[in-house]
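Subject: A structure to look over

Hi,

Here is the structure I promised to pass on. Please open it alongside this email, and my notes follow below.

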Amino acid sequence: MKLSEIGEFGFIDRVSALFKDLSLPEYIGIGDDCAIIPYNEEEDYVVTTDLLIEDIHFFKDLIGPEQLGYKSLAVNLSDVAAMGARPIGSFLSIGIHSDTELAYLDLFLKGYRQLSKKYHVPLLGGDTTQSGKQFVINVVVIGTCRKGEARLRSMAQNKDSICVTGHLGDSAGGLEALLRKLSQTELTKTLIRRHNLPEPHVSEGLWLAQHEGVHAMMDISDGISSDLSHILRTSEKSAIVDLNKIPVSDELKKVAVSQAWDLDKLVTSGGEDYVLLCTIKDGSFEEVSMGFREAFDRNLFQIGEIVVGGSGINWVKNGKKVSFNQHGFDHFSV
Ligand SMILES: [Mg+2]
(Lines give C-alpha, C1' and ligand atoms only; values in the text may rest on other atoms or scores of the structure.)
Protein backbone atom coordinates (compact mmCIF):
# COMPACT_ATOMS: atom_id res chain seq x y z
CA MET A 1 0.00 0.00 0.00
CA LYS A 2 1.22 3.47 -0.85
CA LEU A 3 1.19 6.39 1.59
CA SER A 4 -1.00 8.31 -0.85
CA GLU A 5 -3.75 5.71 -0.40
CA ILE A 6 -4.22 6.52 3.28
CA GLY A 7 -3.21 10.20 3.11
CA GLU A 8 -1.60 12.39 5.75
CA PHE A 9 -4.32 11.92 8.35
CA GLY A 10 -4.46 8.15 7.82
CA PHE A 11 -0.72 8.00 8.42
CA ILE A 12 -1.00 10.13 11.58
CA ASP A 13 -3.63 7.70 12.89
CA ARG A 14 -1.20 4.79 12.42
CA VAL A 15 1.58 6.63 14.26
CA SER A 16 -0.79 7.60 17.03
CA ALA A 17 -1.98 4.00 17.52
CA LEU A 18 1.61 2.68 17.59
CA PHE A 19 2.69 4.99 20.43
CA LYS A 20 -0.53 5.31 22.39
CA ASP A 21 0.48 2.85 25.17
CA LEU A 22 3.62 4.89 25.94
CA SER A 23 1.70 8.07 26.80
CA LEU A 24 0.81 9.05 30.36
CA PRO A 25 -2.81 9.75 31.31
CA GLU A 26 -2.16 13.41 32.14
CA TYR A 27 -0.41 14.01 28.81
CA ILE A 28 -2.23 14.98 25.63
CA GLY A 29 -0.31 13.89 22.56
CA ILE A 30 -1.03 13.59 18.87
CA GLY A 31 -4.26 15.06 17.56
CA ASP A 32 -4.46 18.69 18.64
CA ASP A 33 -2.68 21.91 17.63
CA CYS A 34 -0.13 21.30 20.41
CA ALA A 35 0.77 18.48 22.77
CA ILE A 36 0.21 19.19 26.48
CA ILE A 37 2.72 18.21 29.17
CA PRO A 38 2.09 18.89 32.88
CA TYR A 39 4.54 21.52 34.24
CA ASN A 40 3.72 22.26 37.88
CA GLU A 41 0.67 22.82 40.13
CA GLU A 42 -0.39 25.96 38.27
CA GLU A 43 0.69 25.48 34.68
CA ASP A 44 0.97 23.11 31.74
CA TYR A 45 3.45 23.21 28.89
CA VAL A 46 2.24 23.11 25.30
CA VAL A 47 4.56 22.10 22.45
CA THR A 48 4.16 22.26 18.68
CA THR A 49 6.42 21.63 15.69
CA ASP A 50 6.17 22.24 11.97
CA LEU A 51 8.27 21.26 8.99
CA LEU A 52 8.57 23.39 5.84
CA ILE A 53 10.27 22.13 2.70
CA GLU A 54 11.22 24.24 -0.29
CA ASP A 55 9.16 23.57 -3.42
CA ILE A 56 6.51 21.79 -1.32
CA HIS A 57 5.48 24.35 1.29
CA PHE A 58 7.16 27.43 -0.17
CA PHE A 59 8.81 28.58 -3.37
CA LYS A 60 11.79 30.91 -3.20
CA ASP A 61 10.53 32.94 -6.15
CA LEU A 62 7.20 33.61 -4.38
CA ILE A 63 8.40 34.50 -0.88
CA GLY A 64 11.43 36.53 0.18
CA PRO A 65 13.83 35.25 2.87
CA GLU A 66 12.75 37.79 5.48
CA GLN A 67 9.10 36.90 4.98
CA LEU A 68 9.93 33.19 5.06
CA GLY A 69 11.70 33.56 8.41
CA TYR A 70 8.73 35.47 9.82
CA LYS A 71 6.20 32.98 8.49
CA SER A 72 8.13 29.91 9.72
CA LEU A 73 7.70 31.12 13.29
CA ALA A 74 4.21 32.58 12.74
CA VAL A 75 2.63 29.23 11.80
CA ASN A 76 3.96 27.69 15.02
CA LEU A 77 2.93 30.62 17.23
CA SER A 78 -0.51 30.22 15.72
CA ASP A 79 -0.73 26.64 17.01
CA VAL A 80 0.24 27.81 20.51
CA ALA A 81 -2.39 30.58 20.25
CA ALA A 82 -4.94 27.93 19.30
CA MET A 83 -4.50 26.31 22.73
CA GLY A 84 -4.97 29.65 24.50
CA ALA A 85 -1.33 29.45 25.61
CA ARG A 86 1.55 31.93 25.85
CA PRO A 87 4.67 31.10 23.77
CA ILE A 88 7.86 31.08 25.88
CA GLY A 89 10.58 29.87 23.51
CA SER A 90 11.39 28.46 20.10
CA PHE A 91 13.89 26.07 18.48
CA LEU A 92 14.91 26.45 14.85
CA SER A 93 16.55 23.73 12.76
CA ILE A 94 17.50 24.17 9.14
CA GLY A 95 18.85 21.97 6.39
CA ILE A 96 20.63 24.10 3.83
CA HIS A 97 22.99 23.80 0.88
CA SER A 98 26.48 25.18 1.59
CA ASP A 99 26.34 27.35 -1.56
CA THR A 100 23.53 29.42 -0.06
CA GLU A 101 24.33 33.13 0.15
CA LEU A 102 24.89 34.24 3.73
CA ALA A 103 22.86 37.36 2.92
CA TYR A 104 19.83 35.11 2.27
CA LEU A 105 20.19 33.44 5.67
CA ASP A 106 20.74 36.78 7.40
CA LEU A 107 17.46 38.05 6.00
CA PHE A 108 15.70 34.81 6.95
CA LEU A 109 16.90 35.23 10.54
CA LYS A 110 15.97 38.91 10.52
CA GLY A 111 12.35 38.01 9.74
CA TYR A 112 12.35 35.22 12.33
CA ARG A 113 13.79 37.61 14.91
CA GLN A 114 11.27 40.33 14.12
CA LEU A 115 8.34 38.11 15.11
CA SER A 116 10.28 36.59 18.04
CA LYS A 117 10.77 40.11 19.40
CA LYS A 118 7.15 41.07 18.90
CA TYR A 119 5.94 38.29 21.22
CA HIS A 120 9.09 38.12 23.42
CA VAL A 121 9.82 34.55 22.36
CA PRO A 122 13.56 33.78 22.65
CA LEU A 123 15.25 31.36 20.27
CA LEU A 124 16.58 28.65 22.61
CA GLY A 125 18.38 26.30 20.24
CA GLY A 126 18.12 24.16 17.15
CA ASP A 127 20.31 22.45 14.61
CA THR A 128 21.87 23.21 11.25
CA THR A 129 22.77 20.62 8.69
CA GLN A 130 23.81 20.33 5.08
CA SER A 131 20.93 19.50 2.75
CA GLY A 132 20.65 18.70 -0.93
CA LYS A 133 19.01 21.26 -3.16
CA GLN A 134 16.05 22.12 -0.96
CA PHE A 135 15.96 24.48 2.00
CA VAL A 136 14.34 22.61 4.91
CA ILE A 137 13.02 24.44 7.99
CA ASN A 138 11.80 22.90 11.24
CA VAL A 139 10.50 25.03 14.10
CA VAL A 140 9.45 23.97 17.60
CA VAL A 141 7.60 26.36 19.89
CA ILE A 142 6.93 25.80 23.59
CA GLY A 143 4.26 27.66 25.52
CA THR A 144 2.54 27.66 28.88
CA CYS A 145 -1.05 27.92 29.98
CA ARG A 146 -2.98 27.66 33.22
CA LYS A 147 -3.28 24.05 34.31
CA GLY A 148 -6.11 22.19 32.62
CA GLU A 149 -7.24 25.30 30.76
CA ALA A 150 -5.79 24.66 27.30
CA ARG A 151 -8.54 24.63 24.70
CA LEU A 152 -8.82 21.37 22.82
CA ARG A 153 -10.49 20.54 19.53
CA SER A 154 -12.65 18.03 21.37
CA MET A 155 -14.37 20.59 23.62
CA ALA A 156 -17.23 21.74 21.36
CA GLN A 157 -20.68 21.45 22.96
CA ASN A 158 -24.17 21.23 21.49
CA LYS A 159 -25.55 24.63 20.40
CA ASP A 160 -22.15 26.38 20.67
CA SER A 161 -21.66 29.35 18.34
CA ILE A 162 -18.91 28.72 15.81
CA CYS A 163 -16.68 31.79 15.55
CA VAL A 164 -13.58 33.03 13.75
CA THR A 165 -11.23 35.84 14.80
CA GLY A 166 -10.59 37.28 11.33
CA HIS A 167 -11.19 37.21 7.59
CA LEU A 168 -10.93 33.94 5.68
CA GLY A 169 -9.55 33.42 2.20
CA ASP A 170 -7.08 36.32 1.98
CA SER A 171 -4.08 34.03 2.14
CA ALA A 172 -5.45 31.71 -0.54
CA GLY A 173 -6.24 34.78 -2.67
CA GLY A 174 -2.66 35.99 -2.18
CA LEU A 175 -1.29 32.62 -3.26
CA GLU A 176 -3.52 32.63 -6.36
CA ALA A 177 -2.32 36.14 -7.17
CA LEU A 178 1.30 34.96 -6.91
CA LEU A 179 0.81 31.77 -8.91
CA ARG A 180 -1.16 33.52 -11.65
CA LYS A 181 1.34 36.40 -11.62
CA LEU A 182 -1.45 38.98 -11.32
CA SER A 183 -0.36 42.58 -11.67
CA GLN A 184 0.68 44.08 -8.35
CA THR A 185 -2.06 46.46 -7.29
CA GLU A 186 -2.77 47.69 -3.76
CA LEU A 187 -5.43 44.96 -3.56
CA THR A 188 -3.28 42.05 -4.70
CA LYS A 189 -0.33 43.32 -2.63
CA THR A 190 -2.51 43.23 0.49
CA LEU A 191 -3.56 39.63 -0.21
CA ILE A 192 0.02 38.56 -0.96
CA ARG A 193 1.18 40.16 2.29
CA ARG A 194 -1.48 38.18 4.20
CA HIS A 195 -0.16 35.01 2.56
CA ASN A 196 3.54 35.68 3.11
CA LEU A 197 3.34 37.48 6.46
CA PRO A 198 0.47 35.91 8.40
CA GLU A 199 -0.13 37.45 11.82
CA PRO A 200 -0.64 34.77 14.48
CA HIS A 201 -3.53 35.57 16.83
CA VAL A 202 -1.50 35.06 20.01
CA SER A 203 -3.13 37.84 22.05
CA GLU A 204 -6.58 36.82 20.80
CA GLY A 205 -5.99 33.19 21.86
CA LEU A 206 -4.87 34.24 25.34
CA TRP A 207 -7.84 36.56 25.67
CA LEU A 208 -10.38 33.97 24.52
CA ALA A 209 -8.96 31.31 26.87
CA GLN A 210 -9.75 33.56 29.86
CA HIS A 211 -13.45 33.10 29.13
CA GLU A 212 -15.15 30.00 30.45
CA GLY A 213 -17.69 30.17 27.66
CA VAL A 214 -15.00 29.57 25.03
CA HIS A 215 -14.97 25.80 24.51
CA ALA A 216 -13.07 24.27 21.53
CA MET A 217 -10.34 26.20 19.74
CA MET A 218 -7.90 25.62 16.86
CA ASP A 219 -6.21 27.70 14.20
CA ILE A 220 -7.18 27.78 10.53
CA SER A 221 -4.24 26.38 8.64
CA ASP A 222 -5.85 24.06 6.06
CA GLY A 223 -9.11 25.93 5.39
CA ILE A 224 -12.23 25.96 7.51
CA SER A 225 -13.91 23.01 5.77
CA SER A 226 -11.01 20.78 6.81
CA ASP A 227 -10.19 22.42 10.15
CA LEU A 228 -13.75 22.57 11.48
CA SER A 229 -14.12 18.90 10.54
CA HIS A 230 -11.37 18.07 13.08
CA ILE A 231 -13.34 19.81 15.83
CA LEU A 232 -16.50 17.98 14.79
CA ARG A 233 -14.83 14.56 14.63
CA THR A 234 -13.08 14.87 18.01
CA SER A 235 -16.11 16.48 19.69
CA GLU A 236 -18.50 13.97 18.05
CA LYS A 237 -20.78 16.74 16.80
CA SER A 238 -21.87 18.25 13.50
CA ALA A 239 -22.28 21.86 12.42
CA ILE A 240 -24.35 24.29 10.42
CA VAL A 241 -22.28 27.01 8.76
CA ASP A 242 -23.76 29.98 6.93
CA LEU A 243 -21.58 30.96 3.97
CA ASN A 244 -23.10 34.45 4.03
CA LYS A 245 -21.66 34.97 7.52
CA ILE A 246 -18.06 34.02 6.74
CA PRO A 247 -16.07 37.26 7.00
CA VAL A 248 -14.37 38.18 3.73
CA SER A 249 -12.15 41.23 3.24
CA ASP A 250 -13.07 43.93 0.73
CA GLU A 251 -9.73 43.34 -0.97
CA LEU A 252 -10.51 39.67 -1.60
CA LYS A 253 -14.07 40.41 -2.72
CA LYS A 254 -12.85 42.89 -5.32
CA VAL A 255 -10.04 40.72 -6.67
CA ALA A 256 -12.32 37.65 -6.75
CA VAL A 257 -14.89 39.54 -8.82
CA SER A 258 -12.28 40.87 -11.25
CA GLN A 259 -10.73 37.40 -11.67
CA ALA A 260 -14.02 35.45 -11.63
CA TRP A 261 -12.78 33.33 -8.71
CA ASP A 262 -15.17 31.03 -6.82
CA LEU A 263 -15.18 33.03 -3.60
CA ASP A 264 -17.06 30.43 -1.53
CA LYS A 265 -14.55 27.76 -2.46
CA LEU A 266 -11.62 30.05 -1.72
CA VAL A 267 -12.81 31.09 1.75
CA THR A 268 -13.75 27.56 2.85
CA SER A 269 -10.95 25.51 1.28
CA GLY A 270 -8.09 27.98 1.09
CA GLY A 271 -5.73 27.54 4.01
CA GLU A 272 -3.05 29.50 5.84
CA ASP A 273 -5.20 32.30 7.20
CA TYR A 274 -3.96 31.53 10.73
CA VAL A 275 -6.96 33.14 12.38
CA LEU A 276 -8.55 31.23 15.27
CA LEU A 277 -11.64 29.10 15.04
CA CYS A 278 -13.49 28.65 18.33
CA THR A 279 -16.82 27.49 19.67
CA ILE A 280 -18.62 29.55 22.31
CA LYS A 281 -21.25 28.39 24.77
CA ASP A 282 -24.87 28.91 23.79
CA GLY A 283 -25.96 32.36 25.02
CA SER A 284 -22.42 33.65 25.65
CA PHE A 285 -21.52 34.95 22.20
CA GLU A 286 -22.85 38.49 22.71
CA GLU A 287 -20.85 39.04 25.88
CA VAL A 288 -17.64 37.51 24.54
CA SER A 289 -17.86 39.32 21.21
CA MET A 290 -18.48 42.66 22.92
CA GLY A 291 -15.39 42.16 25.09
CA PHE A 292 -13.41 41.04 22.05
CA ARG A 293 -14.34 44.22 20.17
CA GLU A 294 -13.27 46.36 23.14
CA ALA A 295 -9.98 44.49 23.48
CA PHE A 296 -8.99 44.31 19.79
CA ASP A 297 -11.06 47.01 18.09
CA ARG A 298 -12.46 44.56 15.56
CA ASN A 299 -15.16 41.91 15.41
CA LEU A 300 -15.35 38.31 16.45
CA PHE A 301 -17.44 36.69 13.73
CA GLN A 302 -20.15 34.12 14.37
CA ILE A 303 -20.52 31.89 11.33
CA GLY A 304 -22.55 28.94 12.49
CA GLU A 305 -23.67 26.57 15.21
CA ILE A 306 -22.63 23.20 16.62
CA VAL A 307 -25.42 20.64 16.51
CA VAL A 308 -25.99 17.04 17.53
CA GLY A 309 -26.92 14.42 14.95
CA GLY A 310 -26.19 14.49 11.26
CA SER A 311 -22.62 14.40 10.13
CA GLY A 312 -19.93 16.89 9.24
CA ILE A 313 -20.57 20.43 8.12
CA ASN A 314 -23.97 21.41 6.76
CA TRP A 315 -23.45 24.50 4.61
CA VAL A 316 -26.17 27.09 4.14
CA LYS A 317 -26.30 30.00 1.72
CA ASN A 318 -29.12 32.52 1.32
CA GLY A 319 -31.20 30.40 3.68
CA LYS A 320 -30.82 27.22 1.63
CA LYS A 321 -28.67 24.12 2.07
CA VAL A 322 -25.82 23.83 -0.37
CA SER A 323 -23.51 20.87 -0.87
CA PHE A 324 -19.76 20.98 -1.10
CA ASN A 325 -17.46 18.81 -3.17
CA GLN A 326 -13.93 18.97 -4.54
CA HIS A 327 -15.06 21.30 -7.30
CA GLY A 328 -16.55 23.76 -4.83
CA PHE A 329 -20.11 24.35 -3.83
CA ASP A 330 -23.06 22.95 -5.66
CA HIS A 331 -25.45 25.82 -5.44
CA PHE A 332 -28.44 23.70 -6.17
CA SER A 333 -30.24 22.93 -2.95
CA VAL A 334 -30.06 19.34 -1.75
MG1 LIG B 1 -3.12 24.12 13.88
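Two strands are taken to pair if DSSP finds at least two bridges between them. Helices (H or I, at least four residues) and strands (E, at least two) are DSSP runs, numbered from the N terminus. This is a predicted model, in which local features need pLDDT of at least 70 and side-chain atom pairs count only at pLDDT 80 or more, while totals for chains, interfaces and linings use all residues. Residues are numbered from 1 along each chain as its sequence is written, and side-chain values use heavy atoms, with hydrogens and water left out.

Five strands make an open sheet with mixed pairing, in the order 1-2-5-3-4. Strand 1 (35–38) and strand 4 (123–130) are at its edges with a single partner strand each, so one side of each has no neighbour in the sheet. From one strand to the next the twist averages 20°; axes are lines fitted to C-alpha atoms, for helices over the stretch in contact, and angles run from 0 to 180 degrees between N-to-C directions.

Strand 5 (residues 136–146) is joined to strand 3 (residues 86–96) by nine bridges, and the two run antiparallel. Along this pairing, Ser 90 stands opposite Val 141 and Arg 86 stands opposite Thr 144. Helix 2 (residues 65–82) packs on the sheet, where it touches strand 2 (43–53), strand 3 and strand 5, and its direction makes about 35° with that of strand 5. Contact here means heavy atoms within 4.5 Å. Strand 2 and strand 5 also run antiparallel, joined by eleven bridges, and Val 46 has Gly 143 in strand 5 as its bridge partner.

Thr 144 is worth a look of its own. The residue is buried, at a relative accessible area of 11% (buried means under 20% relative accessible area, exposed over 50%, partly exposed in between, with a 1.4 Å probe and protein chains only). Leaving out residues up to four places away in sequence, Thr 144 touches Tyr 39, Glu 43, Asp 44, Tyr 45, Val 46, Ala 85, Arg 86 and Ile 88. From C-alpha to C-alpha, Thr 144 and Asp 44 are 5.6 Å apart in space, although 100 residues separate them in sequence.

**Helices 4, 5 and 8**

Helix 4 (residues 170–179) has seven of its ten residues buried, so it is largely enclosed by the rest of the structure. Those buried residues are Asp 170, Ser 171, Ala 172, Gly 173, Gly 174, Ala 177 and Leu 178, and their cover includes helix 5, helix 8 and helix 9 (263–269). After helix 4 comes Lys 181, with a positive phi near 50°.

How do helix 5 and helix 8 meet? The axes of helix 5 (residues 186–196) and helix 8 (residues 250–259) come within 9 Å and cross at roughly 120°. The two helices are therefore oblique to each other (angles under 35 degrees count as roughly parallel, over 145 as roughly antiparallel, 65 to 115 as roughly perpendicular and the rest as oblique). On the helix 5 side, Leu 187, Thr 188, Thr 190, Leu 191 and Arg 194 meet Glu 251, Leu 252, Lys 254 and Val 255 of helix 8. The residues of this contact divide into four nonpolar, two polar and three charged; Ala, Val, Leu, Ile, Met, Phe, Trp, Tyr, Cys and Pro count as nonpolar, Asp, Glu, Lys and Arg as charged, and the others, Gly among them, as polar. Buried residues in helix 5 include Thr 188, Leu 191 and His 195, and its buried residues pack against helix 2, helix 4 and helix 8.

All six of the six residues of strand 7 (residues 214–219) are buried. Strand 7 pairs with strand 9 (residues 276–280) in the antiparallel sense over four bridges, with Met 217 partnered by Cys 278. Arg 153, in the loop between strand 5 and strand 6 (161–164), is buried with a relative accessible area of 13%. Among the residues that Arg 153 touches are Asp 32, Asp 33, Met 217 and His 230.

**Two positive phi angles in loops**

Asp 55 has a positive phi of about 75° and sits in the loop between strand 2 and helix 2, partly exposed at 31% relative accessibility. Ala 260 has a positive phi of about 55° in the loop between helix 8 and helix 9, and is exposed at 68%.

Happy browsing, and best wishes
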